[in-house]
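Me: Please take a close look at one part of this model, the contact between its two chains.

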Amino acid sequence: MNRELEAIILAYEKVSASRDKEAEHNLLAFELLLDGVMERQPGVSRDILRRSVIKAH
Amino acid sequence: MSFYGMSAVARDQIADDQLSRIQAQGHEIPKQQIQQWFNWMDRLLGVHRSQFVLREATSAQLEDHKIAFKEAIRYCLAINTRIADPDFNEPDLVARLQVRIRQLQDAYDTFHDASLSNEQSEEVLKRMFPE
């Protein structure tokens, strides 16, 4: 598996496993990783990328 | 001295105090109920993780999952309408609810997002993250 994708899926795993304030922090970190991908590949829908990662998780 | 034997000023003061207490309860009771609701959502998210993400669910279980999460999201949105009112003035509660709404929606989409098939999502990831 591509290492960047693996890192993003692991970031979502942290969101899934956490609750409340910790989840808020982990969610922010996950969204920032997605933003980083979008900056390099702006032609792709962020929403589709996000949902694809969550399905892959 | 009875209530009606008091001066009008004293009676007004008692009435104001009662109203203030009831108003304060009207603020605290929803906060307590929302905390209970948070606890319930956390249990639901825990079941999602233990019974659906880390195990393979049956189609009947997935149908129950769909109903439970749809109801939870709808109820959250209704609560959000209430507590996002600036007069309620509980921004921390609003932020905590927003995170749970996001988690519930993501949990729902994991299995019931008909607008994006597993094949489509795999194709997107292959294209964006070549090995």
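Reply: What follows describes the contact and then one of the chains in it. This is a predicted model, in which local features need pLDDT of at least 70, side-chain atom pairs count only at pLDDT 80 or more, and totals for chains, interfaces and linings use all residues. Residues are numbered from 1 along each chain as its sequence is written, and chains are lettered from A and ligands numbered from 1 in the order in which they are written.

The contact takes 21 residues from chain A and 21 residues from chain B, two residues being in contact if their C-beta atoms, placed from the backbone, lie within 7 Å. On the side of chain B that touches chain A, two or more residues come from each of α1 (8–53), α3 (91–112) and α4 (118–128) of chain B; helices are DSSP runs of H or I, at least four residues, and strands are runs of E, at least two, numbered from the N terminus. The most come from α3(B), with eight residues.

Helix α2 (residues 20–40) of chain A packs on α3(B) at an angle of about 65°, with the axes 9 Å apart; axes are lines fitted to C-alpha atoms over the helix stretch in contact, and angles run from 0 to 180 degrees between N-to-C directions. That makes α2(A) roughly perpendicular to α3(B), a term for angles of 65 to 115 degrees. In this pairing, A:D20, A:A23, A:E24 and A:L27 meet B:A95, B:R96, B:V99, B:R102 and B:Q103.

Chain A itself has three helices and zero strands, and its C-alpha trace spans about 35 × 20 × 15 Å along its principal axes.

How values were computed
Angles under 35 degrees count as roughly parallel, over 145 as roughly antiparallel, 65 to 115 as roughly perpendicular and the rest as oblique.
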